Amino acid sequence: MNKLSALCAALLLAACGNPHDRYVGHWQPAARGADPYRVLEIGKSADGSYRLRRDVLGAHPADETLLALADGSLSNTGGVRLVLSDDGRTLQLADAPYRRLPDSEIEPLRAQAQSAAAEQENNRRRCQSLLAEYANRKLALGKPDVTTPKEVWSEVVEQHQRLEAEYRAKTRQIRGCSL
């Protein structure tokens, strides 16, 4: 009888667990076009409070928010409820849907996020360098004024147009860069 009582007590305690614990985990944006690396983490502190950390993969600076407990759900400091699906696999935060991210996917995704951030930074530097080069070459061509003869004026305008076309083509080869 003691074994049966102990089993019943264990099942009762498990069934009466904190409903907020279902929120704990990593959450990846599920909306079309959303940045897949902007992963949220909901964690439970030793004091029993729940915290929401944004951008935990290291691609962007992470920020942390204390979550409020209310009627079996959590809400952020702005009062926006986090709605968890019945199966615990999707989370709705305001108008943004998230999917639960299995622990096995976190490290590979973190590596991808860091690689994407490094590529983005490299592209930003290349773009800045290219735009500075373009500005210097454009400045070197000079700018005609009202005293410039018409023939020279036309030639300078043509040179500027060729230079612009050349650098537009170069910027298209760098993701996120435009002239």
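A polar contact is a pair of N or O atoms within 3.5 Å; within protein, one atom must be able to donate a hydrogen and the other to accept it. In this predicted model, a polar atom of the His 20 side chain lies 3.2 Å from the backbone oxygen of Ser 73. Ser 73 belongs to strand E5, residues 73-75. Strand E5 pairs with E6, and E6 pairs with E7.

**His 20**
- His 20 sits in the loop between helix H1 (2-15) and strand E1 (25-29).
- The cut-off for buried is under 20% relative accessible area. His 20 has 9% relative accessibility, so it counts as buried.
- Leaving aside residues up to four places away in sequence, His 20 touches Tyr 50, Leu 69, Ala 70, Gly 72, Ser 73 and Leu 74.

**Strands E5 and E6**
- The pairing of E5 and E6 is antiparallel, over 2 bridges.
- Ser 75 has Arg 81 in E6 as its bridge partner.
- Their hairpin has 5 residues between the strands. Gly 79 in this hairpin adopts a positive phi near 85°.

**Side chains of E6**
- Side chains alternate along E6, residues 81-84.
- Leu 82 and Leu 84 point to one face and are buried.

**Strands E6 and E7**
- E6 also pairs with E7 (residues 90-93) in the antiparallel sense, over 3 bridges.
- The hairpin of E6 and E7 has 5 residues between the strands. Here Gly 88 takes a positive phi near 75°.

Technical notes: Residues numbered from 1 in each chain as written. Predicted model: local features only at pLDDT ≥ 70, side-chain atom pairs only at ≥ 80, totals over all residues. Heavy atoms only, no water. Buried < 20%, exposed > 50% of the residue type's maximum accessible area, 1.4 Å probe, protein only. Helix = DSSP H or I, 4+ residues; strand = E, 2+ residues; numbered from the N terminus. Pairing = 2+ DSSP bridges. Contact = heavy atoms within 4.5 Å.
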